[in-house]
Amino acid sequence: MRVSGSQVAVLLAPAMALLLALVVLPIAIVVVMSFTNWQLGAAHLDWVGVSNYLELAQDRVFRQSVVNTLKYVAFTSLGSIALGLMLALLIECSPTGKTFYRTAFFLPVASTLIAMAVVWDFLLHPTVGLINQLISLVGLEPRNWLRERDTALNALIIIGIWQMSGLAMVLFLAGLNSVPSDVRDAAQLDGARHAVDRFRLVTWPLLGPTTLFVVTLCAIRSMQVFDTVHALTKGGPGNATEVLLHTIYMEGFSYLRMGYASALTVVFVAGIFVLTQIQHHYQEKRTFYA
């Protein structure tokens, strides 16, 4: 049965209407607002052109938040991917308890991050925190992990790896289950007798599509970090943990500068798009599809 163009249009209309209302229209409004000086709650606004973007170029806090965001994305993505793959391989090789381990390691992903941030705040407490108590036992000096410039961002990165590695693990488990066992058996017969050799020569290349998806997803989720920063450090100390989403929030809802916050949002969305495209283009050439 052939479907006419008008029938296709009718079927697509609800989805297109939602796309326009929930994606296209809000983006267009933010772009327009980025060229104004509107303050939250103000009855009037003025068109200021590219003044907000020129201010961005000279904003020290913005530059610091970009550097912190890129550092957070790089280390959190790599750490969560490596840890997620390692956990997936361990669970895949485990003879028993696979369901328990999958649930336990995925729990940080399903839990409310604000609640988990409170737990981490207690663990990293400078005097009564469990982590400082443990390092004191081996003779190391306790640190105020979230209040020192050289440790605050690293602590947030570790929390991010802990939170996202469970998601990477589940995705890698799905990828490992899709690798045909007869291919690995054939590789063993051809001389790849060690598990490391079979993983390097067979399993890892066949995990290419899964790895591409995991890398892209982890990078995007890392760029969207906000909850842990706002709950634990508020961007401090001295903007050492200031990230782009937290800067946008502070400018828009604390300082009420919605026009400037909209310009930040446009730059943030454009940055996500560009980085994702570069990453996808770079990895797509090296991905093997069975």
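Q: Is tyrosine 101 buried, partly exposed or exposed?
A: This is a predicted model, and in it tyrosine 101 has a relative accessible area of 35%.

Q: Where do tyrosine 101 and phenylalanine 105 lie relative to each other along helix H4?
A: Start with the general idea: an α-helix has 3.6 residues a turn, so residues three or four places apart point the same way. In helix H4 (residues 98-110), tyrosine 101 and phenylalanine 105 are four residues apart, which means about one helical turn separates them. Phenylalanine 105 is also partly exposed, at 33% relative accessible area.

Q: How many aromatic pairs does a search of the whole structure find?
A: The search gives seven aromatic pairs. One of them joins phenylalanine 100 to tyrosine 101, edge-to-face, with 5.5 Å from centre to centre and 65 degrees between the planes. Phenylalanine 100 counts as exposed, with 58% relative accessibility. Elsewhere, Phe35, Trp47 and Tyr53 make up one aromatic cluster.

Q: Which rings have the charged end of an arginine sitting over them?
A: The ring of tryptophan 145 has the charged end of arginine 143 over it, 6.0 Å from the ring centre. Likewise, the charged end of arginine 257 sits over the ring of tyrosine 260, at 4.4 Å from its centre.

Q: Now for helix shape. What does the span of helix H1 show?
A: The idea is to set the span against that of a straight helix. With 29 residues, a straight helix would span 42 Å at 1.5 Å a residue, but H1 (residues 5-33) covers only 37 Å between its end C-alpha atoms. There is also a bend of about 45 degrees at alanine 13 in H1, with proline 14 following within four residues.

Q: How should I read a nonpolar core?
A: In soluble globular proteins, nonpolar side chains tend to be buried together. Here the largest nonpolar core has 15 residues, and those with the most contacts inside it are Tyr72, Leu124, Leu156, Ile159 and Leu232. At least two residues of this core come from each of helix H5 (113-123), helix H7 (149-177) and helix H11 (227-232). H7 gives the largest share, six residues. Apart from this core lies another, of 14 residues, including Leu87, Ile91, Leu176 and Val215.

Q: Which residues does isoleucine 159 contact, leaving aside its neighbours within four places in sequence?
A: They are Trp120, Leu124, Thr228 and Leu232.

Q: Is proline 108 buried or exposed?
A: Proline 108, a residue of helix H4, is buried, because its relative accessible area is 7% and the cut-off for buried is under 20%. Not counting residues up to four places away in sequence, proline 108 touches Trp162 and Gln163.

Q: What about serine 262: buried or exposed?
A: Serine 262, in helix H13 (residues 258-284), is buried, with a relative accessible area of 4%. Beyond its neighbours within four places in sequence, serine 262 contacts Val30, Met33 and Ser34. For another helix, look at H12 (residues 244-254): its buried residues are Leu244, His246, Thr247, Ile248, Met250, Glu251 and Gly252.

Q: Which features of the backbone deserve a look in the loops?
A: Between glycine 236 and proline 237 the peptide bond is cis, with omega near -5 degrees. Proline 237 is in the loop between H11 and H12, and lysine 234 lies in the loop between H11 and H12 too. Lysine 234 has a positive phi, near 55 degrees, in a residue other than glycine.

Q: What is the phi of leucine 256?
A: It is positive, about 65 degrees, although leucine 256 is not a glycine. Leucine 256 follows H12 and is placed in the loop between H12 and H13. At 34% relative accessibility, leucine 256 counts as partly exposed. Another loop residue, glutamine 224, sits between helix H10 (208-223) and H11, and glutamine 224 is also partly exposed, at 41%.

Methods: Residues numbered from 1 in each chain as written. Predicted model: local features only at pLDDT ≥ 70, side-chain atom pairs only at ≥ 80, totals over all residues. Heavy atoms only, no water. Phe/Tyr/Trp six-rings, centres within 6.5 Å; stacked < 30°, edge-to-face > 60°. Buried < 20%, exposed > 50% of the residue type's maximum accessible area, 1.4 Å probe, protein only. Lys NZ or Arg CZ within 6 Å of the ring centre and 35° of its normal. Expected span 1.5 Å × (residues − 1). Bend = angle between axes of the 7 residues up to and from the residue. Core = buried A, V, L, I, M, F, W, Y, C linked by side-chain atoms within 4.5 Å. Contact = heavy atoms within 4.5 Å.
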